[in-house]
Amino acid sequence: MSYLTKQKWLLVNSALAIALILSLVLCAAIGAEHISLAQIWHSPSLDNPEAVIFFRIRLPRVLLAVIVGGALGVAGAALQALLHNPLACPHLIGVSGGASLCGILALVSTSVLASHTPEFVRLSFVSVAAFAGAIGTTVLIYRLALVHGRLQPYALLLTGVVFNAFCSALIMLVNSLVDFYQSHAILFWLMGSLATHDYVTVGLTSLYVLIGVTWLIAQGRRLNLLSLGEEGALQLGVDIETLRRGIFLAASLLVGAIVAVSGMIGFVGLIVPHLLRLVFGADHRLLLPASLFGGALFLVWADTLARTVASPSELPVGVVTAMCGGPFFLYLLRKEGRKVFVQ
Amino acid sequence: MRARAVLALFLLLTSCTPSEPKKGVSSRRIVSLAPSVTETLFAIGAQAEIIGICTFCDFPREVEKIDRVGSYSAPNVETIIAKRPDVVIGVPPNNPEAIATLRQLGIRVVIVEVDTIEQIRAAIRTIAQEAGRVAQGESLLSEMDTRMAAIRARLEGAPQRRVLMVVGQEPLIAVGSGIFLNELITQAHGINIAADANQPWTRFSLEVAVAKQPEVIIDGSMGSEENDKSEYLGIWKSFPTIPAVRDGRVHGTRSYTVLRPGPRLPDGFEEIARLIHPERFQESHE
């Protein structure tokens, strides 16, 4: 592994950022319907159906993919360092299960309440409930994983896995009690979707994600020391306990918000950090920002495929991330595997 | 899975002798595992012979008095066996394992397909035959045909309108093709803009929905028109350029139960036709 220089940091991150901006423009231009950007430029008014498609459907969706992908990438990289576990991914720490369960309970009850609630409440109710569930779960898991007042990675991991399994059992219970149409709605919500037509959601989510991501990226140096092992980090003056708690809370709150707006989109937070680590090395000062751009890039393209390959139907984006990411990752692991195991 | 097979074998060997399907007309013992089957049995006057129904069966009101034998997706094998039915009638979404177990135990199980109008007609014939009421089945079919024809006559010369029919907004789940609802839209002088998705229910692209400019949107996720006057439009509110939204032709369905693949097909047809061409139905409604 080469030593991280300022030049390398700048080069890698600016290259990824430029690739992301280009992809943003390109992916917003691609879709199930052919639209001409030139024409939208000439008449950007919302009387023009092409402009409606571009501004109200594609652009918010591509932007949401950037935010969700970036947040999942950074959260995944940080959790892999925190838990000393290559299997760690944002959906492993229990918070996704709690968020999904609460979101689904809200989904089921909104159709019961359907005609008695004002429109605004109905639109955001599921997301707000999922986010509240995420916060509740974060607090709960944090309390459960404290062993003698310390946050232990193995306890955190186990608590998360068990809590997720428990939540999925409860989700199945709800699913078996509701009717045919509701159980379909639950299934679709669980599969995850980036479809949005609402810039307020996009704006609020990006603001929130920006705060969490910035804090996590700023912990890069300390995460490097943490991965040297507990003793090494202590000797170098890292307050391990505070760092662990901070990372866990930041990652959980990040993932909770992401699940609330987009459901469970898998694979991004697992493979993007691994992939980048294979290519650019394990230095978290570089890995964390690179995972931000990498996660965003991956999800923007995955969602573009999801929108277009089966047109006029759409595929669930989680299926695309798994189908593209899985085999490629296995190939890379096979080819570059020695690097992973040496580290 | 294996345990269930072993148990089934055990039951088969120890307890019951398989019941022979009776050929006689009178007093069949019928279990229905789908709302459309139950409705058909009632429509041909076989209600007294129904000894069990699924938890989704809710029409007509008299079904309240009949015992439930589990849900649509998970019929309770034990309850069904205990009822000693002559025949169990279901539809393909019924749990195949439960069906296989019932068959292994020697119970006659008839599965009817009800995706297309042709299949719905065939299903009514099959159910009538199983209930020993072939004549009633035929007269039900001809009554349905008459009503469908009367609605078609009302629509004669009506313009073709582009229609989008959905059951969910986020994500958008639309009626595609290969399902009777698509046929009903077509017969009601509608052009289903999601038909080329080539699957019965499709996760439809919102931008294609906007680009194809539907003139009528039938949205099952919005609740019924009669109960819900809040004019909830959900995502459609954001797309005022869609003709259906611009002209106030986004409708909730009165009730999903009307849109069942059974004897109430003409009701469903009238519902859809009325939503697509309200001007043809003004005198008979409101």
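Some conventions come first. Residues are numbered from 1 along each chain as its sequence is written, while chains are lettered from A and ligands numbered from 1 in the order in which they are written. Because the model is predicted, local features need pLDDT of at least 70 and side-chain atom pairs count only at pLDDT 80 or more, whereas totals for chains, interfaces and linings use all residues.

Ala, Val, Leu, Ile, Met, Phe, Trp, Tyr, Cys and Pro count as nonpolar, Asp, Glu, Lys and Arg as charged, and the others, Gly among them, as polar.

Helix α3(A) also has a partner within its own chain. It packs with helix α1 (residues 6-29) of chain A at an angle of about 140 degrees, their axes lying 9 Å apart. Axes are lines fitted to C-alpha atoms, for helices over the stretch in contact, and angles run from 0 to 180 degrees between N-to-C directions. The crossing of α1(A) and α3(A) is right-handed (left-handed if the near helix is turned anticlockwise from the far one by less than a right angle, right-handed if clockwise). From α1(A), A:Leu24, A:Cys27 and A:Ala28 meet A:Phe54, A:Arg58, A:Leu59, A:Val62 and A:Val66 of α3(A). Seven of the residues in this contact are nonpolar, none polar and one charged.

Chain B is divided into domain 1 (15-137) and domain 2 (147-280), with bounds from an automatic or database domain assignment. Where they touch, domain 1 of chain B contributes 13 residues and domain 2 of chain B twelve. On the domain 1 side, α2 (35-43) and α5 (117-130) of chain B each supply at least two residues, and the largest share, five residues, belongs to α2(B). That side comprises seven nonpolar, three polar and three charged residues.

Helix α6 (residues 134-154) and helix α10 (residues 265-276) of chain B pack at about 10 degrees, with axes 9 Å apart. The two helices, α6(B) and α10(B), are therefore roughly parallel to each other (angles under 35 degrees; over 145 is roughly antiparallel, 65 to 115 roughly perpendicular and the rest oblique). Among the residues making this contact are B:Met144 and B:Ile151 of α6(B) and B:Phe269 of α10(B).

Two alanines complete the picture. B:Ala98, in helix α4 (residues 96-104) of chain B, counts as buried because it has 21 C-beta neighbours inside 10 Å. B:Ala122, in helix α5 of chain B, has 14 such neighbours and so counts as partly exposed. Buried requires 20 or more other C-beta atoms within 10 Å, exposed 12 or fewer, and partly exposed lies in between, with C-beta atoms placed from the backbone.

Conventions:
Two residues are in contact if their C-beta atoms, placed from the backbone, lie within 7 Å. Helices (H or I, at least four residues) and strands (E, at least two) are DSSP runs, numbered from the N terminus.
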